[in-house]
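Work through the exercises below with the sequence and the 3D view at hand. Each task is followed by its solution in steps.

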Amino acid sequence: MKRILFTAALMSLMWTVAVAEPSDSLLNYIKHAMLFNKVYPQEKVYLHFDNTGYFKGEHIWFKAYVTRADLQTPTDVSRVLYVEMLNPSGDVVERRKLLIENGVAHGDILLDSILGTGFYEIRAYTRYMMNWGGQTAFSRVFPIFRKPQQEGDYSKPTIDRIGIHQRLPEREQTQDAAALAGADRNARQGKLKVKFYPEGGDLVEGLRSRVAFEVMDEDGRHVPAVGMLVDKQDESQSVVRADETGRGLFEVDATGELSLLVLTDADGKKYEFHLPQPKAEGCVVRMTVSDPEGISAEIRSSSRMQGCLLGYTVMCGGQITHVDTLTAEPVVKIGFKRESLRPGVNQLTVFTSDGRVQAERLFFVAPQDLTGQRIQIVNQTNEPRPCGKISLDLQSVPNASLSFSAMDERTLTNGKEGNILSYMLLSSDLKGYIPNPEYFLEADDVEHRLAADTLMLINGWRRYDWRVMSDVEPWDGERQQIEDKLYVFGQLAPALGALKRKNPVHDVDMTVYLFNEKGEHLTGHTVTDSVGNYAFALPDNVMGDWNMQIKTRIEEKLKSYSVKINRRFSPKARFVFPEETEMMPKNKANLFKRSEQFAQNDDDADNQSAIIAQTGNNEFSIKTVKIKARRRYWTDYNGGWYNENTGRRLAELYYDVSDAADEIGDRGEAIPTLDEWLAKKNNLYKSDPTFIMPDSGGFVNLAGPRYDGRPIVWMLNNNFFAATSLPFSDTRMEQVVENAFIPDRNLKSYPTFIDEVKSVYIVSANPQVMTPYIRSVDILGSNPVVIFVYTYPSYSTESKKGTRRTHFQGFNVPSTFEMEDYSIMPPMEDFRRTLYWNPDVKTDAAGKAHVEFYNNSSAHEMLLSVEGMTRDGRFLSNE
């Protein structure tokens with residue numbers, strides 16, 4: 001293993017600097033911060049996509065660009081990337097594990113198994129990035145529409161706006177609570193919510209400060225507002241406005257009596273909000289960013305702070321670029337030439353000799369010239385013909401790695417905001433929703449500088465925590481390892497129930513066996529350390545799903561242990577801002593543009609093709625993690641019997657029980673029964689502790705579990721198995737049993753524990769789906785809920801001494817974008833919306849590249865999106 005966080009040598013090094021006089025103390029904190037970033041550089045990920053919205057059944061194609069934030073170069077830290085798709089409820093429904101080579105990776109997600117449409121999030125991260133929290137992950141929200149009723153007709157994209165939040169009580173969490181998480185200062189009155197952001201972090205008594213603020217409605221949408229700032233000390237008033245983005249700025253003299261912000265909404269109703277309580281002593285910072293030559297800051301100190309020795313640093317990407325000390329006075333001015341600052345989000349931190357941060361401020365430095373980072377496209381085709389060849393020449397930086405997408409402009413369903421430049425230099429260091437991030441890079445004039453500065457005050461987030469970097473505060477949380485290759489990390493613990501004699505966890509021989517459906521197998525060996533930790537390194541050619549066994553031995557004899565696996569680091573679902581679930585204006589074509597008359601006709605057609613919000617159907621979002629089926633060891637596999645298409649097609653809820661069982665086993669906990677797990681997972685499901693499911697199927701019963709107060713029909717591997725909690729008399733029950741349809745085959749016994757189960761699908765809206773399986777009208781008339789349970793074919797999960805059975809996900813193999821070769825085939829109906837996707841375009845030594853592809857059968861105008869990165873970390877875009 002090349003790297004593991006927090007080695008003993010590093011910790012020893014970090015504590016060799018002695019704390020002495022105040023000036024030495026300031027230097028000590030700076031040295032710690034510099035060392036921290038050198039040893040723990042952060043990474044950033046950006047995904048370039050082939051389109052702006054998708055229909056069920058299509059591919060989402062993407063290319064990932066992974067960089068070291070400190071050097072702004074392709075990463076040399078991680079080589080494993082995780083890309084996940086989350087449904088509207090925040091559940092992971094697809095996951096990809098990709099190999100990073102030279103800072104790039106590419107992959108795809110086929111939208112063939114999601115249960116509902118809606119706004120889905122795609123996020124990307126490395127395991128190492130999770131040391132700084134889920135907010136470091138790349139994230140973008142896309143609309144996914146229903147498959148067109150008629151192939152190729154994209155004129156009326158239909159989306160299901162119902163979320164599963166209304167369906168699952170155990171997921172009840174108000175959007176307000178999620179929105180307030182991590183807020184700097186907030187207040188609520190009726191339908192309006194206001195967050196205050198004092199410049200530098202805090203108000204200080206006796207000092208004048210600027211305060212940025214944002215106004216949101218009860219749904220979290222930013223709204224404009226106008227009002228008055230009332231000084232409680234002298235009752236003076238001044239007008240305050242929040243613009244159309246819901247953001248504003250005012251100045252205030254902080255006093256012991258809280259000032260009051262009085263806002264008036266669109267209906268004329270007034271709301272009162274108290275400003276944050278000021279600190280008794282401290283510093284505030286006031287920054288000036290409009291000067292074209294440089295950026296200056298005034299550091300203002302309260303009376304008791306004056307005369308104290310302070311230090312300050314400027315960081316960009318965690319790299320300290322400026323550092324100095326000063327003596328606190330009523331006002332101290334400092335300045336920085338623009339050419340001495342790195343482009344992107346910079347962080348000014350002012351701190352005392354005991355390490356306390358007195359003021360902290362983000363500010364943005366726009367790149368001086370982006371001309372060299374633009375990708376030029378020269379069209380070599382006069383006009384597009386149905387299924388005709390399109391030839392393009394690209395001009396950019398020599399030896400760059402590019403990704404290229406061509407879209408049919410007429411089939412676009414949504415707009416796009418931002419690109420690799422705006423994300424890497426701006427959005428990745430901020431929090432919250434940022435509309436039109438590319439605006440802040442389009443010019444470096446006073447207007448754009450002031451707009452960016454307000455953004456820094458409101459959306460500022462400390463990606464780099466100076467308190468942790470300087471060793472003033474501990475780095476909390478479980479550390480995640482660097483994955484420079486595939487690993488299996490974990491710990492051994494005494495076996496569950498081993499109360500009398502516990503096997504030691506140190507120096508245990510461990511062997512890992514991996515098998516896949518192709519008959520390939522791998523074997524690895526390691527020995528635990530003094531506290532039971534272990535790690536297996538796997539080769540890069542481990543692709544797809546593998547069955548995995550881990551055996552534990554002492555002196556060549558199998559010994560029982562609880563084998564924990566550290567692979568649960570996927571971040572929690574973030575709050576999705578309302579603006580992200582609204583359709584954006586579609587991007588205009590940038591290739592084969594037609595006349596204004598044609599463009600006007602297109603706009604009229606677009607207005608007639610409004611998105612239809614479905615609210616009363618049976619297609620809802622799916623539940624919990626959905627990844628590829630786990631393949632175990634079996635002998636009597638029948639594809640149709642175990643096929644999940646039936647459950648997937650009919651259900652509103654889906655549970656990846658296999659993944660849940662692995663998660664519980666990874667923690668070293670006892671595996672629950674399916675009945676126990678369902679009751680805990682979904683409180684509409686009510687267990688019956690007096691009822692035991694029989695081994696053989698084909699029965700109906702008055703007792704047993706219920707769902708939402710209704711009977712349950714249990715389907716095991718697409719066969720009727722049982723019906724529980726039916727509302728019939730004993731006499732009537734006998735007649736019902738005779739009418740129940742039972743397949744003529746030997747049915748598997750009902751699974752007891754969840755590690756015997758692959759997946760569960762729940763159908764609550766339409767019990768008539770049981771008609772092909774049950775003859776009994778009485779059962780259907782009782783309005784049952786249908787639960788499909790799928791198990792592994794003849795796979796025994798019985799615990800064996802010294803063996804843990806689970807699975808391992810290797811790298812996913814990306815699919816290849818396909819199109820017809822119309823040089824050898826006649827034109828035909830071709831409904832591709834993404835006309836061409838190539839994630840691996842390379843420029844030559846002269847910076848040139850050539851791209852050729854075939855048109856579909858109807859595209860007249862196209863939208864091209866080309867992005868990339870150079871070997872030295874320059875970001876490229878045609879936008």
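Rings of Phe, Tyr and Trp (its six-membered ring) pair if their centres lie within 6.5 Å; planes under 30 degrees apart count as stacked, over 60 as edge-to-face and the rest as tilted. This is a predicted model, in which local features need pLDDT of at least 70, side-chain atom pairs count only at pLDDT 80 or more, and totals for chains, interfaces and linings use all residues. Residues are numbered from 1 along each chain as its sequence is written, and side-chain values use heavy atoms, with hydrogens and water left out.

**Exercise 1. Rings**

Count the aromatic pairs, then find a cluster that ring pairs link.

Step 1. Applying the ring rule gives 38 aromatic pairs.
Step 2. Y46, F49, Y54, F62, F138, F142 and Y423 are joined by ring pairs into a cluster.
Step 3. Turn to charges over rings, where NZ of Lys or CZ of Arg must be within 6 Å of the ring centre and within 35 degrees of the ring normal. R479 lies over the face of W475, 3.8 Å from the ring centre. R833 has its charged end over the ring of Y154, at 5.6 Å from the centre.

**Exercise 2. V472**

Step 1. Buried means under 20% relative accessible area, exposed over 50%, and partly exposed in between (1.4 Å probe, protein chains only).
Step 2. Contact means heavy atoms within 4.5 Å. With residues up to four places away in sequence not counted, V472 touches Y29, G355, W466 and R467.
Step 3. The C-alpha atom of V472 is 9.3 Å from that of H32, a residue 440 places away along the chain.

**Exercise 3. T381**

Step 1. T381 counts as buried because its relative accessibility is 13%.
Step 2. Neighbours within four places in sequence aside, T381 is in contact with K389, I390, S391 and F592.
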